Amino acid sequence: MSEHPLDPLSADEFTAVADILRRSRGVGTGWRITSIEMLEPSKAELAGFAAAGTCPARRAVALYLDRTANATYKSVVSLSDHRIESFEHIPGVQANFTVDEFAECDQMLRAHPDVIAALAKRGITDMSLVFMDTWTYGEAVAPPEYRDRRLGWSDTWVKKEPGANPYACAVSGFHCVIDLNAMELLRIEDTGPFSEGVPQPVTMGEYLPARIPELLRNRWQREPLKPLEITQPEGPSFTLDGNLLRWQNWSVRIGFNHREGMTLHQVSYRDGDRERTVAHRMSFAEMMVPYRDPTDDHYRRTAFDIGEWGLGFMTTSLELGCDCLGEIRYLDATLHDSTGAPYLIRNAVCIHEEDNAVLWKHVDHDTGAAVRRMRRLTVSCHVTVANYEYLVYWRFHQDGNIECEVRATGIMVTTPLAPGAEHPNGTLVDERTYAPFHQHFLVARLDLDVDGTDNTVFMTESVAEPMGPDNPYGLSVVQRNVALRTERDGMQDMNFATQRAWKVVNTNVVNGLGTHPSYQLVPGGAIPAMFDPASPVFQRATAIGHTLWVTPNSPDERWPAGEFVNQSSTDTGLGAWTRANRSIENTDVVLWYVFGIHHITRPEEWPIMSVDVVSFWLKPAGFFDRNPALDVAADPAACQAGSERT
């Protein structure tokens, strides 16, 4: 058993859950376990553990499929006394896809005689060069005759040679519809000009140096870089005790699960002799990627990468000197396959310190310069979602700031064009090849507990007062703060004109200045949905219709588009919960922040995309009564003279 109630499930615990399901419910051959996740203790249970060491029962929740009956089940399993607490059939839903299904589908299709024959008509005969990339369906775009099945649809790609980039050459108009339970090909869609003999364009989609043509490789004549070394001879300044991370007054516990990937828990800041709470739990709860191209190749291409697949299942191992630079500490992660058997992701989470230029500085006319370098602690993980990579960084600063940054990279989906064909929904990136426009919507779930559980969220914005006798030069700008009292109030949108932000305030506490402590959500990367409200794509995730949602905390409300988004037709998450218009004033609240990338594709992002960076901040706003970084020491070597003068 784990040493702390929030520690992720171990390999033995995954095995135990699978054994209990097999023994008690016959979950074996013909079944598929799609997810096993720790059922996290409540805040009250965690408080009891902290106060008296009373360890709450260790429990897990499992989703699994009876493939023969196409039935989804959910169980709560007690690991403390090895029994099933609940066993529920959930009709009309599909659980998340699994990595096993993705691989099995590719193997089945490439060996299928109908697929082999259809591709041969297009001149593709070496099936070892073919890759079938399976995607999920929304109900509205699924073939009506198959909607009662567990469905997938495939893109088809072909490599120019062994080892080449599999995402360089799309076989346009060639898609398969698959029953994933039976692993059965239902039909082949072979349409468009290329199915009628029009030759596909010749593209250069390689990004590894050995495969890039010499003329292109030498085009920019880049000089090699000199070595850049980051060393900490005395080791890092943080401590890591199991999953508990401490650094520069910060304390945070790191978790991990199949759906959200890395999670952060019990974030606090030591202020004098007080350990002050900032957040109970922070994670990404959904990622929706709709392609804004209505053509046959793309009309069904809308991914819910968290709900349909799971960031944890797609987390990749990190490597020193490549993904992380410096004095690194890693955390491994343990997950499971669709039989429940555990496997290890080595170096799943990277923890290190970074220099980040100047923290604060002033040059006094008499005493000279006083300057402090900024050191920040970064906790990161990387996920590979088929052709795309998402790199997630949570950064903790010495002055109490928290930055959440996401970088998107990888390989854009591209589509070949017939000679003279238009491409209004994408950008030409290669010979008769375009990359469709699309959007990446991320939903951060922020369970903030600012100096305690009961908080109120305020919308705050700057207002320029009209000119008049008291404002003759038009200089006056005042701050307007409006308490959000109901869930309807909590549906908030970005407003650049007023520099709108949101403060999570503890109105029950007074700081040294006589005001209430708060943390401010400073928006960044907010993008518009740009959907007709009646769009069936939008109806699956109405969460993207607002920049911010605020709800009362409920352990059953974790997924902003609903628990089961695979083949969904409507939003059973935020759009459903908030219809009750519950009170969010002076209570335990959750903020759902929607941000991302409005990706108008560029030729410079082909054949591989340099990172696109978006972020948001959580900043103390009256949480302290002055700058908490006043005591940051000067660098003993570089700033010795300035430190002595000041």
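These legends describe close-up views of a predicted model.

**View 1. Helix α1 and its length.** Helix α1 covers residues 11-25. It has 15 residues, so at 1.5 Å a residue it should span 21 Å. Its end C-alpha atoms are 21 Å apart, which agrees. Just after α1 comes Gly26, with a positive phi of about 70°.

**View 2. The buried residues of α1 and their cover.** Glu13, Phe14, Ala16, Val17, Ala18, Ile20 and Leu21 are the buried residues of α1.

**View 3. Thr34 in strand β1.** Thr34 is part of strand β1. Its relative accessibility is 0%, so Thr34 counts as buried. Leaving out residues up to four places away in sequence, Thr34 touches Leu63, Tyr64, Leu65, Ala95, Asn96, Thr98, Arg150, Phe313 and His336.

**View 4. The largest cavity.** The structure holds seven cavities of 30 Å³ or more. The largest cavity has about 110 Å³ of space. Its lining has 16 residues, and Pro8, Leu9, Met38, Phe256 and Asn257 lie nearest its centre. Strands β1, β11 (250-257), β12 (261-271) and β15 each give two or more residues to this lining. By class, the lining of the largest cavity has eight nonpolar, six polar and two charged residues.

**View 5. The largest pocket.** This pocket has a volume of about 980 Å³. It is lined by 41 residues, and the closest to its centre are Leu39, Glu40, Pro555, Asp556 and Arg558. At least two lining residues come from each of β1, α2 (43-52), β2, β3, β13 (274-290) and β23 (438-448). The lining of the largest pocket divides into 16 nonpolar, 11 polar and 14 charged residues.

**View 6. The second largest pocket.** About 820 Å³ of space lies here. Of the 29 lining residues, Glu353, Glu354, Asp355, Met374 and Arg375 are closest to the centre of the second largest pocket. β16, β17 (368-385) and β18 (388-397) each supply at least two lining residues. β16 gives the most, with four. The classes in this lining are 12 nonpolar, seven polar and 10 charged residues.

**View 7. An annotated span.** An unreviewed UniProt entry marks residues 97-192 as "domain: Copper amine oxidase N3-terminal". In the model, the end C-alpha atoms of residues 97-192 lie 29 Å apart. The span is 23% helix and 28% strand.

Technical notes
Residues numbered from 1 in each chain as written. Predicted model: local features only at pLDDT ≥ 70, side-chain atom pairs only at ≥ 80, totals over all residues. Heavy atoms only, no water. Expected span 1.5 Å × (residues − 1). Buried < 20%, exposed > 50% of the residue type's maximum accessible area, 1.4 Å probe, protein only. 1 Å grid on protein atoms, 1.4 Å probe; cavity = no way out; pocket = protein on both sides within 12 Å on 5 of 7 lines; lining within 4 Å. Points joined across faces, edges and corners; volume = space filled by probe spheres on them. Nonpolar A, V, L, I, M, F, W, Y, C, P; charged D, E, K, R; others polar. UniProt positions renumbered as here; feature names shortened; annotations may be inferred. Contact = heavy atoms within 4.5 Å.
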